Each structure stands twice: as C-alpha cells, then as structure tokens.
Amino acid sequence: MIVHLKTLVQKAIKNNFALGAFNTCNLEITQGIIKGAIKANSGAIIQVTPSSIKYASLPVLVSLFELLAKYQEKNIPLALHLDHGQTYQQTKDCIQAGFSSVMIDASDKSFKENINLTQKVVKYAHQKKVWVQAELGQVSKGKQGYQKLIKRPQDFLTDPDQAQEFVKKTKVDTLAVAIGNIHGSYKIKHGVPRLILSHLKEIQKKINLPLVLHGASGVSQIQLKKALDLGIKIVNIDTEIRMAWRSGVESCLRNKEEYDPRKILAPAIENISEVVYKKIKFLKQK
Ligand SMILES: [Zn+2]
C-alpha cells in the first residue's frame with residue numbers, strides 16, 4: 001500500500017517509535033526492502049537520491065516502487081521520498097512524479113541561501129500537499145570528511161538557534177541534523193564516530209519537529225536508542241544495504257559456474273531484507 005510519508009511519521013510519533021528510510025536504485029534492492037518490511041510487519045520509507053535517478057531514471061524508479069508497493073503479499077504501508085535533492089527542479093520533478101516527501105539539501109550553502117532555496121521548495125511542495133525535509137549543519141562523507149569530522153566535530157554540527165530560526169522561516173516538515181554523523185562505508189572500517197547526543201538534546205529543546213538521522217549505518221544500538229529518545233524519528237540506511245547487496249552477490253559468485261542473474265541476485269535480496277527487518281525491529285522497540 002502506498003501512503004504519504006506524513007501518515008507513517010504521525011503513526012510513529014503516536015506510538016513512540018522511529019522509521020527506517022532505506023535507499024534503493026534498482027529492482028532487487030526495492031524487492032529486498034519491501035520483503036524486510038513485510039517480515040517486520042511494519043511500514044517503511046523507500047528513498048532515492050538524484051544519482052540513483054540518473055542511474056535508473058525517475059519514471060522507472062517510481063514505477064518500480066508503485067508496482068511493488070501495490071502488488072506485495074501483505075498490505076504494508078510504504079512511502080516514497082527524495083533523498084538529498086540538490087536543486088529546486090529535482091524536487092519539482094519528484095513531486096510531479098508522485099513522491100509524498102522530498103529533501104532539499106542546501107546544507108553546503110550559506111545559512112541565508114539554504115533558507116531561501118528551502119522556502120522556495122516548501123512553497124511549491126505544500127501546494128501539492130508534499131512534505132519537505134531540509135538539512136542544517138554538515139553531514140559529510142568519504143575519507144576526507146571523516147578525518148575532518150574526527151578532528152573538529154564542532155565545525156559540522158547543526159546550530160540549535162539557527163535550527164529554530166530555520167524551521168520558523170522555512171516551515172519544513174522534517175529536519176536532518178548533524179550531530180557527529182557521517183555518510184558512507186569509510187567509518188565502518190575506521191571506527192564509527194560517536195554521536196554527540198548532548199548536542200542533539202540542545203537542538204530538540206529548540207524545535208518541535210521530527211528529526212532525521214542521516215548516515216545511520218553502523219551506528220551502535222546504544223547510541224541509536226539514545227538518539228531516538230531525543231527526537232530522531234527517521235533513520236536513514238544506505239551503506240548497510242549496499243554492503244548486504246555486495247556480500248550476497250559475492251557469496252553466489254564463489255560458484256564460478258553460476259551465470260543465472262536470478263540465482264546470483266537472490267542472496268542479495270535476502271541479505272537486504274534481513275538488514276531492513278532487523279533495523280525496523282530495533283527502531284520499533286520501546
Ligand atoms: Zn544522507
């Protein structure tokens with residue numbers, strides 16, 4: 001069943017749990033995510049980035065989502081979201097294609113420019129009853145980002161006072177925060193930085209909005225649980241899905257004779273569904 005992201009978030013708030021938002025770029029990953037959500041008997045957010053759209057095209061990704069969400073074996077509620085939209089046009093294209101939520105990530109721009117672009121996206125999105133997520137502070141990625149974050153985490157953090165002003169001026173529906181979190185797999189090999197939970201608490205004091213944790217792959221369960229208690233309502237998982245995909249494909253390719261793509265990709269779907277199932281189960285624990 002396709003639902004508005006708002007429906008999932010409101011239910012999560014009411015029942016005091018958090019949602020997993022899982023990234024896809026193709027058929028099998030979408031299948032894996034839905035399979036995991038069905039097993040957990042719970043709704044989920046499925047999201048795509050502009051680079052995934054470039055890879056598979058917007059109509060294809062939307063059709064995959066809509067058909068798989070509609071013809072699944074249960075009636076699990078699923079919402080489609082644009083992750084890290086960079087331009088007004090990208091968000092507009094996704095809204096017109098049927099997304100119920102879009103992210104405009106202008107966090108690399110000045111505070112003023114971030115406000116201006118986000119306001120523009122919100123104005124259009126809200127006319128169409130679509131939710132908007134923005135980002136304040138810097139959720140970095142890669143080796144360089146990691147090294148800088150380890151050295152000076154304070155340079156990356158979401159400023160609580162700015163967050164208050166930003167939310168008031170833009171009227172965004174959800175906000176991605178920087179609290180020591182970082183994207184990508186580099187951290188998983190080199191030590192996942194600790195979330196700065198005291199800072200999250202300061203942000204939570206200033207704004208009453210569902211907060212989003214990007215780069216949540218690899219974050220310890222203890223830290224994640226504390227973050228959930230401090231207002232994180234959406235937890236983005238991409239790297240863990242990609243790694244599950246890779247290990248699934250690798251396991252099958254050890255059999256050098258195998259050349260049937262369905263057999264090679266089946267363990268990847270299974271692995272992804274396990275990641276999604278376990279993550280949702282954890283996020284729903286009280
Ligand atoms: Zn992200």
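These legends go with several close-up views of one predicted model. Residues are numbered from 1 along each chain as its sequence is written. Because this is a predicted model, local features need pLDDT of at least 70 and side-chain atom pairs count only at pLDDT 80 or more, while totals for chains, interfaces and linings use all residues.

**View 1. The whole protein chain, to get your bearings.**
The protein chain has 13 helices and 10 strands. These are DSSP runs numbered from the N terminus, helices being H or I of at least four residues and strands E of at least two. Along the principal axes, the C-alpha atoms fill a box of roughly 60 × 40 × 35 Å. The radius of gyration is 18 Å, which agrees with the value near 19 Å that a compact globule of 286 residues would have. That radius is taken over C-alpha atoms, and the globule rule is 2.2 Å times the number of residues to the power 0.38. Buried residues account for 48% of the 286 residues. Here a residue is buried if 20 or more other C-beta atoms lie within 10 Å of its own, exposed if 12 or fewer, and partly exposed in between, with C-beta atoms placed from the backbone. Of the contacts between residues at least 6 apart in sequence, 70% join residues at least 24 apart. Two residues are in contact if their C-beta atoms, placed from the backbone, lie within 7 Å.

**View 2. Helices α2 and α4.**
Two packed helices are described by the angle between their axes and the distance between the axes. For α2 (residues 27-40) and α4 (residues 58-70), the axes come within 10 Å and cross at roughly 35 degrees. Axes are lines fitted to C-alpha atoms, for helices over the stretch in contact, and angles run from 0 to 180 degrees between N-to-C directions. The α2 and α4 pair crosses in a right-handed way; a crossing is right-handed if the near helix is turned clockwise from the far one by less than a right angle, and left-handed if anticlockwise. On the α2 side, look for Leu-27, Thr-30, Gln-31 and Ile-34, which meet Leu-64, Phe-65, Leu-68 and Ala-69 of α4. Six of these contact residues are nonpolar, two are polar and none is charged. In this scheme Ala, Val, Leu, Ile, Met, Phe, Trp, Tyr, Cys and Pro count as nonpolar, Asp, Glu, Lys and Arg as charged, and the others, Gly among them, as polar.

**View 3. Helices α5 and α6.**
The axes of α5 (residues 88-97) and α6 (residues 111-127) come within 10 Å, crossing at roughly 15 degrees. This makes α5 roughly parallel to α6, a label for angles under 35 degrees, while over 145 is roughly antiparallel, 65 to 115 roughly perpendicular and the rest oblique. The crossing of α5 with α6 is right-handed. Tyr-88, Thr-91, Lys-92 and Ile-95 of α5 make the contact with Leu-117, Lys-120, Val-121, Tyr-124 and Ala-125 of α6. By class, that is six nonpolar, one polar and two charged residues.

From α6 come Phe-111, Ile-115, Thr-118, Gln-119 and Val-122, and from α8 come Gln-162, Phe-166, Lys-169 and Thr-170. The classes are four nonpolar, four polar and one charged. Gln-162 of helix α8 (residues 160-170) is partly exposed, with 16 other C-beta atoms within 10 Å. Leaving aside residues up to four places away in sequence, Gln-162 touches Phe-111 and Leu-136.

His-81 sits in strand β3 and is buried, with 27 other C-beta atoms within 10 Å. Beyond residues up to four places away in sequence, His-81 touches Leu-5, Ala-21, Ile-45, Gln-47, Phe-99, Ser-101, Val-102 and Met-103. His-84, also in β3 (residues 78-85), is buried with 23 other C-beta atoms within 10 Å. The phi of His-84 is positive, near 55 degrees, in a residue other than glycine.

**View 4. Asn-41 in a loop.**
Asn-41 lies in the loop between α2 and β2 (44-48). Its phi is positive, about 55 degrees, although Asn-41 is not a glycine. Asn-41 counts as exposed, with 12 C-beta neighbours inside 10 Å.
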